[in-house]
Amino acid sequence: MDVEDGTGVLSVERFGPVWNPGPFELGTDGPGTVVVGVDGSRTALRAASYAAGVARRQRARLIVVYVTMAPGWESMAPMAAGAVQQAAADVAAEIRDVVAHRAQELGLSTTLVVRLGDPLDALRRTADEVHADMVVVGASEGAGHRIIGSLATRLVRTGRWPVTVVP
């Protein structure tokens with residue numbers, strides 16, 4: 001992974017053909033840029049498949065965002081922090097391989113952005129930076145979202161683009 005650059009971006013990789021939206025065509029005025037958040041969960045993988053389908057049909061570019069959170073306790077337990085960082089790097093590498101393979105298979109202009117930080121902030125920041133027309137996320141499967149709210153709910157409340165939640 002690349003070194004964090006102060007904006008939380010750890011790496012950016014592009015796969016598939018160069019994005020060329022082509023001329024405007026009546027009836028195909030859908031999204032030009034689709035952002036999808038992935039974390040390796042079942043619902044996130046379904047969200048990525050849905051977003052790839054939308055991007056392929058609309059000849060849009062697909063921005064896949066994986067967010068790794070920095071452990072706040074790394075100074076207290078440096079060995080455990082190293083294990084958490086390695087696990088996050090392993091998940092990022094697995095996601096990278098799937099994204100590269102699917103982009104090639106579908107002939108889809110795809111960018112993988114790996115960010116460090118809070119998933120809500122990272123998705124919002126990425127969507128704003130790339131001028132996203134829609135954001136796609138998987139539905140939360142955890143019970144903790146009932147207390148602090150799911151990522152999808154928080155995106156809908158704070159975003160400036162349509163949010164699609166995939167079950």
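Mentor: Helices (DSSP runs of H or I, at least four residues) and strands (runs of E, at least two) are numbered from the N terminus. Thr111 is placed in strand β4 under that scheme. The structure is a predicted model, in which local features need pLDDT of at least 70 and side-chain atom pairs count only at pLDDT 80 or more, while totals for chains, interfaces and linings use all residues. Residues are numbered from 1 along each chain as its sequence is written, and side-chain values use heavy atoms, with hydrogens and water left out.

Trainee: How do you know where confidence is highest and where it is lowest in the chain?

Mentor: By pLDDT, the predictor's confidence in each residue, from 0 to 100. The chain averages 82, and 79% of the residues score at least 70. Strand β2 has the highest confidence, at 95, whereas helix α4 (residues 145–148) has the lowest, at a mean of 49. Where pLDDT is low, the predicted coordinates should not be read in detail.

Trainee: Why is Thr111 called buried?

Mentor: Buried means under 20% relative accessible area, exposed means over 50%, and partly exposed lies in between (1.4 Å probe, protein chains only). Thr111 has 10% relative accessibility and therefore counts as buried.

Trainee: What does Thr111 touch, apart from residues up to four places away in sequence?

Mentor: A contact requires heavy atoms within 4.5 Å. By that rule Thr111 touches Val12, Glu13 and Arg14, and also Leu62, Ile63 and Val64.

Trainee: What makes Thr43 buried?

Mentor: Its relative accessible area is 5%, so Thr43 is buried. Thr43 has its place in helix α1. Not counting residues up to four places away in sequence, Thr43 touches Gly138, Ala139, Glu141, Val166 and Pro167.

Trainee: Why is Thr164 called partly exposed?

Mentor: Because its relative accessible area is 22%, Thr164 falls in the partly exposed class. Thr164 belongs to strand β6 (residues 163–166). When its neighbours within four places in sequence are set aside, Thr164 is in contact with Tyr50, Met134, Val135, Val136 and Val137. Val36 is 128 residues away from Thr164 along the chain, yet the C-alpha atoms of the two are separated by 9.4 Å.

Trainee: What makes β5 mostly covered?

Mentor: Five of the five residues of β5 are buried. Met134, Val136 and Gly138 point one way from the strand, while Val135 and Val137 point the other way, and all are buried. In a regular strand the side chains alternate between the two faces of the sheet.

Trainee: How do you know that β2 and β5 pair?

Mentor: Two strands pair if DSSP finds at least two bridges between them. β2 and β5 are joined over three bridges, in the parallel sense.

Trainee: In what sense do β5 and β6 pair, and over how many bridges?

Mentor: The pairing of β5 with β6 is parallel and runs over four bridges. Here Val135 stands opposite Val163 in β6.

Trainee: Which residues of helix α3 are buried?

Mentor: In α3 (residues 119–129), the buried residues include Leu120, Ala122, Leu123, Thr126 and Ala127. An α-helix has 3.6 residues a turn, so residues three or four places apart point the same way.

Trainee: What covers the buried residues of α3?

Mentor: The cover includes the strands β2 (33–38), β3 (61–68), β4 (110–116) and β5 (134–138), together with helix α5 (151–158).

Trainee: Why is His131 called exposed?

Mentor: His131 has a relative accessible area of 64%, and therefore counts as exposed. Its place is in the loop between α3 and β5.

Trainee: What is the phi of His131?

Mentor: Phi of His131 is near 55°, a positive value in a residue other than glycine. This positive phi comes just after α3. Most residues other than glycine have a negative phi.

Trainee: What makes Arg59 partly exposed?

Mentor: Arg59 is partly exposed because its relative accessible area is 46%. Arg59 lies in the loop between α1 and β3. Arg59 also has a positive phi, near 55°, in a residue other than glycine.
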